[in-house]
Amino acid sequence: MNTVETEPATLTVRDRVGFQINSRELESILKIDESVGYMLQHLNMPLQVATLAARVDLSKSHFTVLFKRYVGGTPIDYFIRLRLRQACHLLEDTRMSVKEIAYTLGYDDPFYFSRIFKSFNHIAPSNYRLRKGKTEEAARRIPAGRSYSRFMPVENSLRNAIPSGQNPT
């Protein structure tokens, strides 16, 4: 009698998590990834965890547990950080006022937006823009071909500080 031995179903998702996972974990990661994509497309809209969970056919509590496991924080906290990262981009790359940026990102009250921005970035949005401008101006004054070490203020490093995923155990 011929018997065929099969290995446990594991898939490697190296570009995403860097280790072997089973198909159930892969399915969970893909659902969370889909939710993050939805968040990115709807930065200007209010967000409810129940909406995200329903979009990927999970209960609100199970979705929150999976999101925390794979992303490292709550969905709402992550969404706020995505909005604030976009705010940093807009402050750096446009001449939009803080009020316009707040409205663009779905905040009805620009003062509330400024408080949230400052609580996460430890600097007011208008001061963030000023510091960014001074950093770029100083960089332009460095002679070409000269190596230097430039201090990057904490608030500038937050621009790219999307909460990183924690490896599931």
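Helix axes are taken here as lines fitted to C-alpha atoms over the stretch in contact, and angles between them run from 0 to 180 degrees between N-to-C directions. The structure is a predicted model, in which local features need pLDDT of at least 70 and side-chain atom pairs count only at pLDDT 80 or more, while totals for chains, interfaces and linings use all residues. Residues are numbered from 1 along each chain as its sequence is written, and side-chain values use heavy atoms, with hydrogens and water left out.

The secondary structure of the chain consists of 8 helices and 2 strands, where helices (H or I, at least four residues) and strands (E, at least two) are DSSP runs numbered from the N terminus. Along the sequence the elements follow the pattern β-β-α-α-α-α-α-α-α-α. The chain has 169 residues, of which 36% are buried; buried denotes under 20% relative accessible area, exposed over 50%, and partly exposed the range in between (1.4 Å probe, protein chains only). Of the contacts (heavy atoms within 4.5 Å) between residues at least 6 apart in sequence, 57% join residues at least 24 apart.

In soluble globular proteins, nonpolar side chains tend to be buried together. The largest nonpolar core of the model contains 37 residues, a nonpolar core being a set of buried Ala, Val, Leu, Ile, Met, Phe, Trp, Tyr and Cys residues joined through side-chain atoms within 4.5 Å. The members that touch the most other members are Ile-32, Met-39, Phe-63, Phe-67, Phe-113 and Phe-117. At least two residues of this core come from each of α1 (23–41), α2 (49–55), α3 (60–71), α4 (75–93), α5 (98–104) and α6 (110–121). The greatest contribution is that of α4, with 9 residues. Apart from neighbours within four places in sequence, Met-39 is in contact with Leu-47, Leu-52, Phe-67, Pro-75, Tyr-78, Phe-79 and Leu-82.

Two packed helices are described by the angle between their axes and the distance between the axes. For α4 and α6, the angle is about 100 degrees and the axes are 11 Å apart. The two helices are therefore roughly perpendicular to each other, a class that covers angles of 65 to 115 degrees, with those under 35 counted as roughly parallel, those over 145 as roughly antiparallel and the rest as oblique. On the α4 side, the contact is made by Asp-77, Ile-80, Arg-81, Leu-84, Ala-87, Cys-88 and Leu-91, and on the α6 side by Phe-113, Ile-116, Phe-117, Phe-120 and Asn-121. By class, this contact has 9 nonpolar, 1 polar and 2 charged residues; Ala, Val, Leu, Ile, Met, Phe, Trp, Tyr, Cys and Pro count as nonpolar, Asp, Glu, Lys and Arg as charged, and the others, Gly among them, as polar. Asn-121, located in α6, counts as buried at 6% relative accessibility. Its C-alpha atom is separated by 9.8 Å from that of Arg-81, 40 residues apart along the chain.

Individual positions in other helices were also examined. Tyr-70 lies in α3 and is buried, with a relative accessibility of 9%. Tyr-70 and Ser-28 are 42 residues apart in sequence, and their C-alpha atoms are 8.8 Å apart. Ile-76, in α4, is partly exposed at 32% relative accessibility. With neighbours within four places in sequence set aside, Ile-76 is in contact with Leu-47 and Val-49. The C-alpha atoms of Ile-76 and Gln-48, which are 28 residues apart along the chain, are separated by 7.8 Å.

Positive phi values occur at loop positions. Asp-57, in the loop between α2 and α3, has phi near 55 degrees, a positive value in a residue other than glycine. Asp-57 is exposed, with a relative accessible area of 69%. His-122, in the loop between α6 and α7 (125–140), has phi near 60 degrees, likewise a positive value in a residue other than glycine. The relative accessibility of His-122 is 65%, and the residue counts as exposed.
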